Amino acid sequence: MTIKPLLRATSRRLETRRLRCVVAAAAIVMTLAACSSASPSTLANARVPLPAGKQPSKISKMVCSPKAQSEIADALGVTAVVETPIWSGHLYSCRYTYPSGSFTLSVKELSSWAQTFGYFRGIGSSLGDVTPLFNLGQGGYETRDGSVAVRKDWKVLLVDISGLPAQFGKPPTPSGNVAITVADVILGCWSGD
């Protein structure tokens with residue numbers, strides 16, 4: 001008689017372990033499925049960014065900061081004179097000037113996903129978004145003139161290279177590649193709002 005209760009207890013423990021294993025396996029499968037199927041826009045909507053404020057955010061100010069200037073100089077092989085940044089209409093910008101040309105970095109701060117996507121598409125409409133760029137921010141493209149627009153949270157970075165010659169830097173590089181390099185340097189510094 002004592003064997004049956006012992007077998008029932010052992011059986012319950014095994015069922016409990018099996019159930020825990022099934023639940024754990026299901027959780028792992030769901031997590032993997034969510035990670036592999038989530039698009040950048042879905043991930044972007046998971047957290048609400050800070051809206052545009054009266055003053056530029058820290059990450060907007062980064063585009064003209066001494067650290068960014070140094071990293072861009074290292075990447076391009078030339079050093080710029082950077083003009084005093086301007087903050088107007090929630091747009092933070094500065095011009096990087098070189099003896100042979102210049103480019104402008106700007107960050108537009110917005111207050112909603114709709115504003116952000118609208119502004120981002122607007123740059124593409126006015127400058128011509130001809131080549132999508134993957135693995136830059138949460139969306140990006142190269143324009144007809146080689147400039148680069150990148151979206152991250154409620155901010156849009158524009159690397160406007162319209163003032164650069166066709167080949168720029170040391171060693172000389174196509175100016176479109178310069179824009180991608182500069183965008184990559186800036187996005188490498190961006191985190192948070």
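Tutor: Start with a definition: contact means heavy atoms within 4.5 Å. Keep in mind that this is a predicted model.

Student: Where does Cys-64 lie?
Tutor: Look at the two helices on either side of Cys-64. They are helix 3 (58-61) and helix 4 (66-76). Cys-64 lies in the loop between helix 3 and helix 4.

Student: Is Cys-64 buried or exposed?
Tutor: Buried means under 20% relative accessible area. Cys-64 has 7% relative accessibility, so Cys-64 counts as buried.

Student: Which residues does Cys-64 touch, not counting residues up to four places away in sequence?
Tutor: Leave out the residues up to four places away in sequence. Then Cys-64 touches Gln-69, Val-82, Pro-85, Tyr-92, Ser-93, Cys-94 and Tyr-96.

Student: Which residue forms a disulfide with Cys-64?
Tutor: A disulfide is a covalent bond between the sulfur atoms of two cysteines. The cut-off used here is 2.5 Å between the sulfur atoms. The sulfur atom of Cys-64 has a partner sulfur 2.1 Å away. The partner is Cys-94.

Student: How many residues apart are Cys-64 and Cys-94?
Tutor: Cys-64 is in the loop between helix 3 and helix 4, while Cys-94 is in strand 3 (residues 91-98). The pair links distant parts of the chain. Cys-64 and Cys-94 are 30 residues apart.

Student: Why is the disulfide of Cys-64 and Cys-94 left-handed?
Tutor: Look at the torsion about the S-S bond. The disulfide is left-handed because this torsion is about -105°.

Student: Which residues of helix 4 are buried?
Tutor: Use the same cut-off, under 20% relative accessible area. In helix 4, the buried residues are Ala-68, Ile-72, Ala-73 and Leu-76.

Student: What do the buried residues of helix 4 pack against?
Tutor: Both strands and a helix are involved. The buried residues of helix 4 pack against strand 3, strand 4 (101-109), strand 9 (167-168) and helix 6 (175-189).

Technical notes. Residues are numbered from 1 along each chain as its sequence is written. This is a predicted model: local features need pLDDT of at least 70, side-chain atom pairs count only at pLDDT 80 or more; totals for chains, interfaces and linings use all residues. Side-chain values use heavy atoms; hydrogens and water are left out. Helices (H or I, at least four residues) and strands (E, at least two) are DSSP runs, numbered from the N terminus. Buried means under 20% relative accessible area, exposed over 50%, partly exposed in between (1.4 Å probe, protein chains only).
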